[in-house]
Amino acid sequence: MKLSQFKFRLPEDQVALEPSYHRDECRLMVVHRKSGKIEMTKKDENGEDMKDEEGKPVYLDFRNILDYFDEDDVFVFNDTQVFPARLYGTKEKTDAKIEVFLLRELNAELRLWDVLVEPARKIRIGNKLFFEEDGPMVAEVIDNTTSRGRTLRFLYDCPHDEFKRELFALGEAPLPRYVVDKRPATEEDMERFQTIYAKHEGAVTAPSTGLHFSRELMKRMEIRGINFAFITVHCGLGNFDAIEVEDLTKHKMGSEQVIISPEACEIVNKAKGDGHRVCVVGVSTARATESSVGTDGMLKEFDGWTNKFIFPPYEFGMANCMIGNFYHPESTMMMTECSFGGYDLVYDAYKKAVKNGYKFGCYGDAMLILDD
């Protein structure tokens, strides 16, 4: 397919800049990929659309997701943990303000980090960056990696745990650019831009679909007998890279680290073998499981990296349902959803979302795609 097939007009005010007050109260749209049915509103006992006191439709909310799953179904979650990756420093001599976005630690002993800098034109090899006025956190640029990429060596002599603690104390939640260009990140964002089940540090952006799951909702899922399988995908910034080619086969995704344990495989494969639903939560989880599924449709243990780019037409090998958010036009995440639910049906769902005021982006509303 072509990039232009994923264009649509997204009003600026439908990009969510704040999370829902409660994690599980965003809207939910349900897409049935075999029947082509799209559900947006709650129904009364007669199967009619419910209306509020003003006669407006009562939309499904995320808590209604329980209505579509039964005992022994499985949800596959990504338990990566986001770290405060965005820092602000000043360049020596000029005092120019520089944004430093931490990507990953390259060498713990030498305090080497792979980062992105902005504005990149001002940062050259040998420059020093200061992160606190009169503070000890200083970094030296020792290499250029890409147009915006640099390797920094932090000049901070202390035990590694203390260094990481001090470094992260200077950072803020790595919200997407489309949010921080409109408002600054807050301390609350560091909590809300993190799933409640986050466990393994390494992500520089949140697996945003997982943000909708509250402790109360997951407890209700447990009571219903729904099982959970946790994998780890350290989400990178590749999802946000603009696609610059019309032919999607020529786009290269950034790589993300994936760890799928034998325990997760056992839970998923038992559900599949017994004919139950297996629901992947988020695009990162979908890509990871598709990178490790066997020809028999069963999940395989995996410890490595994937740059798998899923766009239509594509036949999924493992999951039979998927939850995602509503994403920006021409985004790789939207393309993965279209691959799962079918291009025409999901594109139609997006048009309905725009028309009916759904919110888009990491803090936006959710879509459940079912195989019925």
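Predicted model: local features only at pLDDT ≥ 70, side-chain atom pairs only at ≥ 80, totals over all residues.
Entry 1: I began by tracing the strand order, and I found nine strands in an open sheet of mixed pairing, running β2-β1-β17-β16-β14-β3-β12-β13-β15. The edges are held by β2 and β15 (302-306), and because each has a single partner strand, one side of each is left without a neighbour in the sheet. I then looked up some of the pairings: β1 and β17 are parallel over five bridges, and within that pair Met29 stands opposite Met367 of β17.

**Entry 2: strand β14.** My next stop was β14 (residues 278-281), where I asked which residues lie on each side of the strand. Val278 and Val280 are on one side, Cys279 and Val281 are on the other, and all of them are buried, so that both faces of the strand are covered. In the sheet, β14 pairs in the parallel sense with β3 over three bridges, and it also pairs in the parallel sense with β16, again over three bridges. For individual partners I noted that Phe75 is bridged to Cys279 in β14, while Val281 has Ile323 in β16 as its bridge partner.

**Entry 3: helices across the sheet.** I looked at helix α8 and noted that its 13 residues reach 18 Å from first C-alpha to last, which is close to the 18 Å expected at 1.5 Å a residue. The helix lies across β1, β2, β16 and β17 and runs at about 155 degrees to β1. Its buried residues are Tyr343, Leu345, Val346, Tyr347, Ala349, Tyr350, Ala353 and Val354, and what covers them includes β1 (28-32), β2 (38-39), β16 (321-325), α7 (332-341) and β17 (366-370). Just after α8, I found Gly357 with a positive phi of about 80 degrees. I also checked helix α4 (residues 215-224), which lies across β3 (74-78) and β12 (227-234) and runs at about 135 degrees to β12.

**Entry 4: the cores.** The largest nonpolar core has 56 residues, and Met29 and Tyr350 have the most contacts inside it. Helix α8 (residues 343-355) gives this core its largest share, eight residues. Apart from this core I found another of 27 residues, which includes Ala96, Phe101, Val117 and Phe168. Returning to Met29, and leaving aside its neighbours within four places in sequence, I listed its contacts, among them Ile38, Phe326, Ala349, Tyr358 and Leu368.

Entry 5: Beyond its neighbours within four places in sequence, Ile65 is in contact with Leu28, Leu217, Ile323 and Leu368. I also noted that the C-alpha atoms of Ile65 and Val30 are 8.7 Å apart, although 35 residues separate the two along the chain.

**Entry 6: the cysteines.** How many disulfides does the model contain? With sulfur atoms required to be within 2.5 Å, the count comes to zero. For Cys26, the closest cysteine sulfur is that of Cys362, and because the distance is 12 Å, it is too far for a bond. For Cys279 the closest is that of Cys321 at 4.1 Å, which is also too far for a bond. Both residues count as buried, Cys26 at 2% relative accessibility and Cys279 at 0%.

Note on methods. Residues numbered from 1 in each chain as written. Heavy atoms only, no water. Buried < 20%, exposed > 50% of the residue type's maximum accessible area, 1.4 Å probe, protein only. Core = buried A, V, L, I, M, F, W, Y, C linked by side-chain atoms within 4.5 Å. Helix = DSSP H or I, 4+ residues; strand = E, 2+ residues; numbered from the N terminus. Contact = heavy atoms within 4.5 Å. Expected span 1.5 Å × (residues − 1). Pairing = 2+ DSSP bridges. Axes fitted to C-alpha atoms, helices over the stretch in contact; angles between N-to-C directions.
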